[in-house]
Amino acid sequence: MNALRWRRFVNVFWTVVSGSAVLLALLPLVSLLWLVTSRGLPGLSASFFVNLPTPVGEPGGGVGNAIVGTFFMVGLASLMALPVGVGAGVFLAEKGEGVAGKAIRFTAEVLSGVPSIVVGIVAYGLIVAHMKRFSALAGGVALALIMIPSLARSTEDFIRLVPSALREASLALGVPGWKTSLRVIMPTALGGIVTAVLLAVARAAGETAPLLFTALNNQYWNLDPTQPTASLTVQIYNYAISPYEDWHEKAWTAALVLLLLVGLLNLTARFLSRNRLQGAPR
Amino acid sequence: MNVHQEIAAVKSPPPLSPEVASESRRPRPAPGQEAPAIQPKLTVEHLNAWYGQNHALHDVNLVVPPRSVTAAIGPSGCGKSTFLRCLNRMHELIPGARAEGTLRIDGKDLLGRDVDPVTLRRRVGMVFQRPNPFPTMSIRDNVAAGLKLNRVPGDHAEIVERTLRQAALWDEVKDRLGASALSLSGGQQQRLCIARALAVQPEVLLMDEPASALDPIATAKIEDLIHELKERYTIVIVTHNMQQAGRVSDQTAFFYMGDLVEVGPTEKIFTNPSEKRTEDYVTGKFG
């Protein structure tokens, strides 16, 4: 009886300890959401999404061009990163056992650990230094360099999740290997690959450092890949380090917009991957 | 070896469609290895298989008559599944695995370097241990998968119905052909996989313990099905279950430790085997 009581006490004790750890871990997240929402919400209006930034003291400015710029550069980056990243992932999953596969996997792992500011410097050296101009293209290349390694690895993981029994079933029907990959394995892994793409896009949309000295910034609308381009993250950075109170407010509001954007992408990814798991065979 | 002279004399027989096959001359029931002058469907000579350094099959020699059922039995790890997977060259897909020897279908070599395994696999279908329908496809598309992916022209709907009937599944699924293949029970999924294998009109059907993941009722259905399929196809089945081998096969091959110990008419293997090891195994002394 005494032993049972002790056991119950131990059980309650550790439940409380681990529960408090969860609360403690959630605290920064909740306070972040609360702070960004409470400071950013007052400035949020429809015009904030469509207007150009205004000079200090002039009311009614927005970050329309930065939102468009973020989408534009993430789009450019996706155009470059999706074929390369997903293609590399397919290669790793299908032929990744040899020396080449191991080398590529190792490289992807190292690359995904490279600090994003370093990626920015590389894009600067590769493109900005040669074009002698900051540009959306340079920003897109920097973001693509960040997306490719994570895309390759997660695509590989999702393809490897497809049971080998399906590959064998297809091959045993006399379907060639490449067609098996394309028509049987890829559709089965599609939900996972879409998830991987959305997560990579969300990550790229939230990056600041690689854009600071590649795309720089722009106070006006721009869809020319050879021109400097605004982005939400750099806009937030510029507003936040300024000495002006009303720009600080705008930084909070822009942060809220960015948070919503990235959050939406992540939620979509999560929703898709949950569906995929439910549809998967045993 | 009379058989091989016979084979040499036959000039590349056209692939038999199932309809033609069922009408042509049937072999005698339970043909033994000594059975005279029926052209064998499959001829295996000096077949050796390796997994890396592991020599998994030693010098296997076997003849499979057309439109018969050959069962491969033996304890786990004896090489019977490896043997089966050599017959449609699925064995070599495993990294480090290789096979050597002579393997002929209707007298034509299959293991040669210049033989495309893809065309071979269209002639030698396979059903696996666990049902493995394509999860992203409907019941209809699963059956037609081989036809669609290989761009075989023709009336797929008609083939789907016929093969589903052959697999004794048509009545259970005819009202929901568009439903996901995963909505079927395990036994139904396995019959779906059999229909899928039959749809590409193979001549030989390999079955790797097709009923081991199924309950007794589903197993009985699969066994009945094997009896019917024998009319049209040459079947090689691997099974753990000796009663099953006794029920469905004409010829039984006993594998042990990578050797083909004995092959003969099923009745003889189970009642009067020549080898001591075979007798010990079928009477349950080991295995």
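Strand 1 (residues 42-51) and strand 2 (residues 54-64) of chain B run antiparallel and are joined by seven bridges. Strands here are DSSP runs of E with at least two residues, helices are DSSP runs of H or I with at least four residues, and both are numbered from the N terminus. Two strands pair if DSSP finds at least two bridges between them. L42(B) has V64(B) in strand 2 as its bridge partner, and Y51(B) has N54(B).

## Basis of the model

This is a predicted model, in which local features need pLDDT of at least 70, side-chain atom pairs count only at pLDDT 80 or more, and totals for chains, interfaces and linings use all residues. Residues are numbered from 1 along each chain as its sequence is written, while chains are lettered from A and ligands numbered from 1 in the order in which they are written.

## Two loop residues with positive phi

D106(B) lies in the loop between strand 4 (97-105) and strand 5 (108-109) of chain B. Its phi is near 50 degrees, a positive value in a residue other than glycine. D106(B) counts as buried because it has 20 C-beta neighbours inside 10 Å. The cut-offs are these: a residue is buried if 20 or more other C-beta atoms lie within 10 Å of its own, exposed if 12 or fewer, and partly exposed in between, with C-beta atoms placed from the backbone.

Q201(B) is in the loop between helix 8 and strand 7 (204-208) of chain B. The phi of Q201(B) is near 55 degrees, again a positive value in a residue other than glycine. Q201(B) has 20 C-beta neighbours inside 10 Å, so this residue counts as buried.

## Helix 6 of chain B

Which residues of helix 6 (residues 156-166) of chain B are buried? They are I159(B), V160(B), T163(B), L164(B) and Q166(B). Seen down the helix axis, the buried residues fall within an arc of 155 degrees, so they line one face of helix 6. The arc is that of the directions from the helix axis to the C-beta atoms. On the other side of the helix, A157(B) and E158(B) are exposed.

The cover over the buried residues of helix 6 includes helix 5, helix 7 (170-173) and helix 8 (186-199) of chain B. Helix 6 is followed by A168(B), whose phi is positive, near 55 degrees.

## Chain B as a whole

Chain B has 12 helices and 10 strands. Of its 287 residues, 48% are buried. Two residues are in contact if their C-beta atoms, placed from the backbone, lie within 7 Å. Among the contacts in chain B with a separation of 6 or more, 69% are between residues 24 or more positions apart.

## Chain A as a whole

The secondary structure of chain A comes to 11 helices and zero strands. Its C-alpha atoms fill a box of roughly 70 × 65 × 30 Å, taken along the principal axes. Of the 282 residues of chain A, 39% count as buried. Residues 24 or more positions apart account for 73% of the chain A contacts with a separation of 6 or more.

The mean pLDDT of chain A is 91, and 96% of its residues reach 70 or more. This score is the predictor's confidence in each residue, from 0 to 100. Where in chain A is confidence lowest, and where is it highest? The lowest is in helix 11 (residues 245-279), at a mean of 83, and the highest is in helix 1 (residues 2-40), at 95. Over residues 276-282 of chain A pLDDT stays under 50, and the model has seven contacts beyond four places in sequence for them.

## Where the chains touch

The contact takes 23 residues from chain B and 19 residues from chain A. On the side of chain B that touches chain A, helix 4 (117-123), strand 6 (124-127) and helix 5 (139-149) each supply at least two residues. The largest share, four residues, comes from helix 4 of chain B.

By class, this side of chain B has 12 nonpolar, seven polar and four charged residues. Ala, Val, Leu, Ile, Met, Phe, Trp, Tyr, Cys and Pro count as nonpolar, Asp, Glu, Lys and Arg as charged, and the others, Gly among them, as polar.
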